Amino acid sequence: LHGAPRTASAAEYLISRQMQLDFPAFIVVPQSPFGKKWALPAKFSGQEFGNGKPSHYVYHPELESLPDAIRLIHQLETNYPIDTGRVYVLGCSDGGTGVYGAALRYPDVFAGAAVMSGAWSFLDAPKMVRVPLWIIHGGQDQIFPVNVARGMSQLIKQSGGPVFYTEIPEMGHECNSPILY
């Protein structure tokens, strides 16, 4: 799942000739329409970004594109010989946020997920225990502070969820970095 509109950084790595030779797979790179987000949490605790109180955030499910991506996956599974037990989702920035939403809302669709530089509500972390998550975050990220990724990782792990956390100390919010792929 891409971050900012028209920035599917992972696509160039995933659809490269060498990647296809090394890992034959169906690769889907959906695009979220401008003005929409992949997924949004219903509410924040307020602790994610260093505040003690919940923000004045308002949830707008009509702005989410993730349900469209899920319909696309199901359509492709109907038309192609896709192993439904080996469907994975990855995303960076807003796409990473969408991956959290996918792990929370569609755990029966995904066998695993990789969140890169994403953010989500700590309130939902205990519910993200069915999909193995690899959370990757830059220690210098100025868009989504690294404390959000650290907190999500710890809370999911405390709830018994399968999570692996990788922090890249020298990296900021760099979805196009080859280090990620």
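**Charged pairs and their surroundings**

Mentor: Start with Arg105, which counts as partly exposed because its relative accessibility is 28%. The classes are buried (under 20% relative accessible area), exposed (over 50%) and partly exposed in between, with a 1.4 Å probe and protein chains only. The model is predicted, so local features need pLDDT of at least 70 and side-chain atom pairs 80 or more, while totals for chains, interfaces and linings use all residues. Residues are numbered from 1 along each chain as its sequence is written, and side-chain values use heavy atoms, without hydrogens and water.

Now the partner. Arg105 forms a salt bridge with Glu64, at 2.9 Å from N to O. This pair joins distant parts of the chain: Glu64 sits in the loop between H2 and H3, Arg105 sits in helix H4, and 41 residues separate them. Helices (H or I, at least four residues) and strands (E, at least two) are DSSP runs, numbered from the N terminus. Glu64 has 9% relative accessibility, so it counts as buried.

A salt bridge here is a side-chain nitrogen of Lys or Arg within 4 Å of a carboxyl oxygen of Asp or Glu. By this rule there are six salt bridges. Side chains of opposite charge can pair when their charged atoms come close.

Take Asp108 and Arg130 next. Their closest N and O atoms are 2.2 Å apart, in a salt bridge. Asp108 is in the loop between H4 and strand E2 (112–116), and Arg130 is in the loop between E2 and E3, so this pair ties together parts 22 residues apart in sequence. Asp108 is exposed because its relative accessibility is 65%. Arg130 is exposed too, at 53%.

Asp124 and Lys127 also make a salt bridge, with 3.1 Å between the closest N and O atoms. Asp124 is buried, at 10% relative accessibility.

Back to the helices. H3 runs over residues 66–79, and its end C-alpha atoms are 20 Å apart.

The buried residues of H5 are Val146, Val148, Ala149, Gly151, Met152, Ser153 and Ile156. H5 takes in residues 146–158, and its 13 residues should span 18 Å, which agrees with end C-alpha atoms 18 Å apart. Just after H5, Gly160 has a positive phi of about 90°.

Phe144 is in the loop between E3 and H5. Is Phe144 buried or exposed? It counts as buried, because its relative accessibility is 14%. Leaving aside neighbours within four places in sequence, its contacts (heavy atoms within 4.5 Å) are Phe49, Ser93, Asp94, Thr97, Ser117, Gly118, Ala119, His137 and His173. Phe144 and Gly172 are 28 residues apart in sequence, and their C-alpha atoms are 9.4 Å apart in space.

Terms used:
Expected span 1.5 Å × (residues − 1).
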